[in-house]
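These are my notebook entries on one protein chain. I record what I looked up and what I found.

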Amino acid sequence: MKYNLSWVLKALITSGLLYYIFNNIPVSEIVPAIASARIHFFAIAFLLVLLMNYVASGRMKRLTDRQGMTVTRRRIFEINLIANFYGLFLPGSLAGGAVRWEKLYKTDKNGVGAFVAIIFNRFILTTATAATGVIFWALAGNYMSNRAAGLSLMGILAILLVLQGAMINRRIFPWVERSLEGKNRMPGIVRSKLRKLTLSLRQNRDLPLTSLLWLAALSFIEEFLGVVSYYFVSLAIGMEVSFVHLGWIRSCILIVTMLPISFSGFGVREGTLIALLAPYGVSGNVAVAFSLLLFARSLLMAGIGGVLETANLLFPTNRKAIEEP
């Protein structure tokens, strides 16, 4: 009952935001902006997103290897694309983690390891997103006009760094492990699962510095490619906003659309872009057209994921061959 109510609320929020936006910005003003988009710039933006996903699969591969999993980089790349497909129907980007876990579990049967790898991967990527936003916001230099956005990004970054520190802290972990071993009213099956979880987390806690640097480097490469992709979408639509400003705006959009309050970020993404782009002289219709082109980029990714998922369902033997290490 609560699950159905949650979906209804998200549908109402999405439809309400879209109704407000399109009631104030006529579709007749948005369509010409999209129709005039330069396809070659959009194609470059799409190829950059594919490259981003390939870089992301390399980071995830390192984390799954740490958990003793045998999933291949090719399979992880495929799972990322399939998660984009299901993300069209699931509210918020966080729901994609459930899809990734299910696919990784079917591949390796290591549920706890897959869960830890996904959580740690999300922490690293979100931290890199916030850090990239702070860096570009500082480079932009408009501290007064964008103070709220910059302070929000810095606050989120600080929280994520504290949480990540807790995950790998050598003092906190022994206390957690002693709590699980000591006498308590926790059911045995729950204690067993939590013990496996802490054991898997310990693998990440003991990551050598070189591995942490590689994970950070891959994350920032992915973020930089994402900013470049945003810039080419802006070129496609003729939007005159500098690369540096789009860098911190992208971080804000990604963090806001992570919240599971709408479907595929609709309404939230458009409204946020209208607010953030207005100081740069970007009209509402151009901001919405920019948002829809960003979604079109994601839609193409989802289409590839849908084809791969269909192939997996129709030809499971081929999928098993791909999953072999």
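**Entry 1. Helices, and the place of one residue.** I began with a term: a helix here is a DSSP run (H or I) of at least four residues, and helices are numbered from the N terminus. With that numbering, I located Thr272 in helix α12. I note at once that the model is a predicted one. Is Thr272 buried or exposed? I count a residue as buried when its relative accessible area is under 20%. Thr272 has a relative accessible area of 18%, and it is therefore buried. I then listed its contacts, leaving out residues up to four places away in sequence, and found that Thr272 touches Ile253 and Val256.

**Entry 2. The whole chain.** The protein chain has 325 residues, and buried residues make up 44% of them. I next looked at contacts with a separation of 6 or more; residues 24 or more positions apart account for 76% of these. The protein chain exposes about 16,400 Å², and carbon and sulfur atoms supply 69% of that area.

**Entry 3. The nonpolar cores.** I kept a general remark in mind: in soluble globular proteins, nonpolar side chains tend to be buried together. Which residues touch the most other members of the largest nonpolar core? I found that they are Met239, Trp248, Ile249, Leu273, Leu277 and Phe290, in a core of 48 residues. Two or more residues each are given to this core by α2 (27-35), α3 (39-66), α6 (111-140), α7 (147-168), α10 (209-237), α11, α12 and α13 (284-314). The largest share, 9 residues, comes from α10. I also found a second, separate core of 14 residues, which includes Val71, Ile76, Ile118 and Leu215.

I examined Leu273 individually. Not counting residues up to four places away in sequence, Leu273 touches Ile249, Ile253, Ala287, Phe290, Ser291 and Leu294.

Entry 4. I compared the span of α3 with its expected value. α3 has 28 residues and reaches 41 Å from its first C-alpha to its last, close to the 40 Å expected at 1.5 Å a residue. After α3 comes Gly68, whose phi is positive, near 75°. Helix α4 (residues 73-86) has 14 residues and reaches 20 Å, close to the 20 Å expected. I listed the buried residues of α4 as Arg75, Ile76, Glu78, Ile79, Asn80, Leu81, Ile82 and Ala83.

**Entry 5. Salt bridges.** How many salt bridges does a search of the whole structure find? I recorded 8. One is formed by Arg59 with Glu222, the closest N and O atoms being 2.7 Å apart. Arg59 lies in helix α3 and Glu222 in helix α10, so this pair ties together parts that are 163 residues apart in sequence. I checked the accessibility of both partners. Arg59 has a relative accessible area of 1% and is therefore buried; Glu222, at 7% relative accessibility, also counts as buried.

I then turned to Glu102. Lys106 forms a salt bridge with Glu102, with the closest N and O atoms 2.7 Å apart. These two residues are 4 residues apart in helix α5 (residues 96-108), and they are therefore separated by about one helical turn. Lys103 also forms a salt bridge with Glu102, the closest N and O atoms being 3.8 Å apart. I noted that Glu102 counts as partly exposed at 26% relative accessibility, as does Lys106 at 44%, whereas Lys103 counts as buried at 8%. Glu102, Lys103, Lys106 and Glu309 are linked in a network of salt bridges.

**Entry 6. A surface patch.** Which residues make the nonpolar surface patch of about 290 Å²? I identified Ile13, Leu17, Leu259 and Ile261. I located Ile261 in the loop between α11 (243-257) and α12 (268-277). Ile261 counts as partly exposed because its relative accessibility is 32%.

Entry 7. I ended with Ala216, which lies in helix α10 and counts as partly exposed at 29% relative accessibility. Ala216 and Leu125 are 91 residues apart along the chain, and 8.4 Å separates their C-alpha atoms.

Note on methods:
Residues are numbered from 1 along each chain as its sequence is written. This is a predicted model: local features need pLDDT of at least 70, side-chain atom pairs count only at pLDDT 80 or more; totals for chains, interfaces and linings use all residues. Side-chain values use heavy atoms; hydrogens and water are left out. Patches are made of residues with over 30% relative accessible area and no salt bridge: like charges are joined within 9 Å, nonpolar side chains (Val, Leu, Ile, Met, Phe, Trp, Tyr) within 5 Å. Accessible areas come from the Shrake-Rupley method with a 1.4 Å probe; for residues, only the protein chains shown count as cover. A salt bridge is a side-chain nitrogen of Lys or Arg within 4 Å of a carboxyl oxygen of Asp or Glu. Buried means under 20% relative accessible area, exposed over 50%, partly exposed in between (1.4 Å probe, protein chains only). A nonpolar core is a set of buried Ala, Val, Leu, Ile, Met, Phe, Trp, Tyr and Cys residues joined through side-chain atoms within 4.5 Å. Contact means heavy atoms within 4.5 Å. The expected span of a helix is 1.5 Å times one less than its number of residues.
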